[in-house]
Amino acid sequence: CKTLIEGAWDLVVAHCPKGREAFPSPADIEKLVCELASQKQVEEKATNEICMLINKTFPTIQFNPDCKTLIEGGWDLVV
């Protein structure tokens, strides 16, 4: 039984990436983050969450224009 399990384990390990190939490069990570951040649905969710947090943390702050407009403008600069 032990020999059979060890043999199966070796077959599984043989399919695993070797060395650094298992980790994405910084350029790959940046590309993935930018692709995700460029999705309109993600931008809207993040914008809403940021504005809710700001309003909760600093209820007396007044934005001109509104918070959503300012955050969306900042988002556009970053992405």
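Hi everyone. Let me start with a definition: a disulfide here is a pair of cysteine sulfur atoms within 2.5 Å. Keep in mind as we go that this is a predicted model.

So, how many disulfides does a search of the whole structure find? The search turns up 1. The partners are Cys51 and Cys67, with an S to S distance of 2.2 Å. The pair links distant parts of the chain, with Cys51 sitting in helix H3, residues 40-57, and Cys67 in helix H4, residues 67-78. If you look along the S-S bond, the angle about it is -100°, and the link between Cys51 and Cys67 is left-handed.

Are those two cysteines buried or exposed? Both Cys51 and Cys67 are buried. There is also Cys34, which counts as partly exposed because its relative accessibility is 36%, and the range for that class lies between 20% and 50%.

In general, a pair of packed helices is described by the angle between the axes and the distance between them. For H3 and H4, the axes come within 9 Å and cross at roughly 130°. That makes H3 oblique to H4. As for the hand, H3 passes H4 in a right-handed crossing.

Which residues meet there? On the H3 side we have Val42, Glu43, Ala46, Thr47, Asn48, Ile50, Cys51 and Ile54. Facing them from H4 are Cys67, Lys68, Ile71, Glu72, Trp75 and Asp76. Sorted by type, the residues of this contact divide into 8 nonpolar, 2 polar and 4 charged.

I'd like to zoom in on two residues from that list. Setting aside neighbours within four places in sequence, Glu43 is in contact with Glu72, Trp75 and Asp76.

That brings us to Trp75, over in helix H4. Trp75 has 18% relative accessibility and therefore counts as buried, the cut-off being under 20%. What does Trp75 touch, not counting residues up to four places away in sequence? The answer is Ala37, Val42, Glu43 and Ala46. And how far apart are Trp75 and Glu43? They are 32 residues apart in sequence and 7.5 Å apart in space, C-alpha to C-alpha.

Technical notes: Residues numbered from 1 in each chain as written. Predicted model: local features only at pLDDT ≥ 70, side-chain atom pairs only at ≥ 80, totals over all residues. Heavy atoms only, no water. Helix = DSSP H or I, 4+ residues; strand = E, 2+ residues; numbered from the N terminus. Buried < 20%, exposed > 50% of the residue type's maximum accessible area, 1.4 Å probe, protein only. Contact = heavy atoms within 4.5 Å. Axes fitted to C-alpha atoms, helices over the stretch in contact; angles between N-to-C directions. Parallel < 35°, antiparallel > 145°, perpendicular 65-115°, else oblique. Left-handed = near helix turned anticlockwise from the far one by under 90°. Nonpolar A, V, L, I, M, F, W, Y, C, P; charged D, E, K, R; others polar.
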